[in-house]
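Here are my notes on this one, point by point. Have the model open while you read.

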Amino acid sequence: MRVRDVPMSNQPFGTRLRAVMDQRGPLCVGIDPHAHLLDGWGLPDTAEGLATFTYGVVDALADRVAVFKPQSAFFERFGSAGIAVLEQATIRLREAGALVIIDAKRGDIGSTMAGYAAAYLAEKAPLACDALTVSPYLGFGSLQPTIDVARESGAGLFVLALTSNPEGPQFQSARTAAGPTVAGAVLDGLRELNADAEDLGSFGAVVGATIAKTTENLDIHGPLLAPGLGAQGATAESLVDVFGPAVRNVVPSSSREILGAGPDVVALQDAAARTNDAFRTVLGY
């Protein structure tokens, strides 16, 4: 089945996200094929090794986990062969009922941003996914082409807001001319986009799970993608401290802690199940 034959759905992304997390638990598995992870699986750092690794994760977990987040950079580094693996993995995951967030952090203006929207978010796009990570640092209004296409196709966006890298606060904590921080302005923009959603909106924020407790209002009526769990130090329990009353809307993402259990299928499944159970307890699923 080609990706164009896997429809987004007539339901918005936020509705589908809540439903699949209710059914399968909130865990998002990041598919980040670092060279050292390939080596840990006894695979070469080649496009062939990438394919074996990625499809091994897909075959083991696609029907058990709610959300997957492949990091585009680790596929792009192998050129067209790597992109082909990303495309096929996305198809297989979505056929199995999982949602796919492609972590590409695209950000530009005008027709270029419209091009990214056509590549990832349109219903018949070559790399059609359920949601895409995007960067707002050319101005929140620069995201409009992706917002428009996401609305049309039932897809979603995750916008960088409070990332956990040490350089992030240089921009994210800076004050805008209107007064709020840059991060606060991004969160305000997302809150406005989600205002009409019945439960969970389709426009989410990326908020690192390892950031200190923030004074920003994270109640955006939309999902909060939280990378940094597991090997990067954050735990299921620490999510409550970071996200407070908005913790129910967190999409907790873990990668190395789960992927490192492979290539054994049962070990991968056990690692994902243990992690998912911990998040279920804390997030109330």
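1. S255 touches G30 and D32, leaving aside residues up to four places away in sequence; contact here means heavy atoms within 4.5 Å. S255 sits in the loop between β8 (250-254) and α11 (256-259). Helices are DSSP runs of H or I with at least four residues, strands are E runs of at least two, and both are numbered from the N terminus. With 10% relative accessibility, S255 counts as buried. For the record, buried is under 20% relative accessible area, exposed is over 50%, and partly exposed is in between, using a 1.4 Å probe and protein chains only.

2. A word on what you're looking at: this is a predicted model, where local features need pLDDT of at least 70 and side-chain atom pairs count only at pLDDT 80 or more, while totals for chains, interfaces and linings use all residues. Residues are numbered from 1 along each chain as its sequence is written, and side-chain values use heavy atoms, with hydrogens and water left out.

3. Now the barrel. Eight strands close up in the order β1-β2-β3-β4-β5-β6-β7-β8, with parallel pairing, and the twist averages 30° from one strand to the next. Strands count as paired if DSSP finds at least two bridges between them. The angles come from axes, which are lines fitted to C-alpha atoms (for helices, over the stretch in contact), and run from 0 to 180 degrees between N-to-C directions.

4. Take a look at β6 (residues 203-207). Five of its five residues are buried, so this strand is largely enclosed by the rest of the structure. In a regular strand, side chains alternate between the two faces of the sheet. Here F203, A205 and V207 cover one side and G204 and V206 the other, all of them buried.

5. What does β6 pair with? On one hand there is β5 (residues 156-162), which runs parallel to β6 and is joined to it by five bridges. F158 stands opposite G204, and L160 stands opposite V206. On the other hand, β6 pairs with β7 (residues 224-229), again in the parallel sense, over two bridges. V206 stands opposite L225 in that pairing.

6. Helix α1 (residues 13-24) lies across β2 (67-70), β3 (99-106), β4 (131-134), β5 and β8, and runs at about 130° to β3. Helix α6 (residues 110-120) lies across β3 and β4, at about 160° to β3.

7. How do α3 and α5 pack? The axes of α3 (residues 47-61) and α5 (residues 79-95) come within 10 Å and cross at roughly 10°. That makes the two helices roughly parallel; the label covers angles under 35 degrees, with over 145 roughly antiparallel, 65 to 115 roughly perpendicular and the rest oblique. On the α3 side the contact includes L50, Y55 and V58, and on the α5 side V85, R92 and L93 are among the residues involved. By class there are 10 nonpolar, three polar and two charged residues. Ala, Val, Leu, Ile, Met, Phe, Trp, Tyr, Cys and Pro count as nonpolar, Asp, Glu, Lys and Arg as charged, and the others, Gly among them, as polar.

8. D59 belongs to α3 and is exposed, at 57% relative accessible area. D59 and P227 are 168 residues apart in sequence and 23 Å apart in space, C-alpha to C-alpha.

9. How many disulfides are there? A search of the whole structure finds zero, a disulfide being a pair of cysteine sulfur atoms within 2.5 Å. For C28, the nearest cysteine sulfur is that of C129, 12 Å away. C28 is buried at 0% relative accessible area, and C129 is likewise buried at 0%.

10. Some backbone spots to check. G262 and P263 are joined by a cis peptide bond, with omega about 10°, and P263 lies in the loop between α11 and α12 (265-283). K105, in strand β3, has a positive phi near 50° without being a glycine, and counts as partly exposed at 38%. H221 also has a positive phi, about 60°, and is not a glycine. Its place is the loop between β6 and β7, where H221 is partly exposed at 26%.
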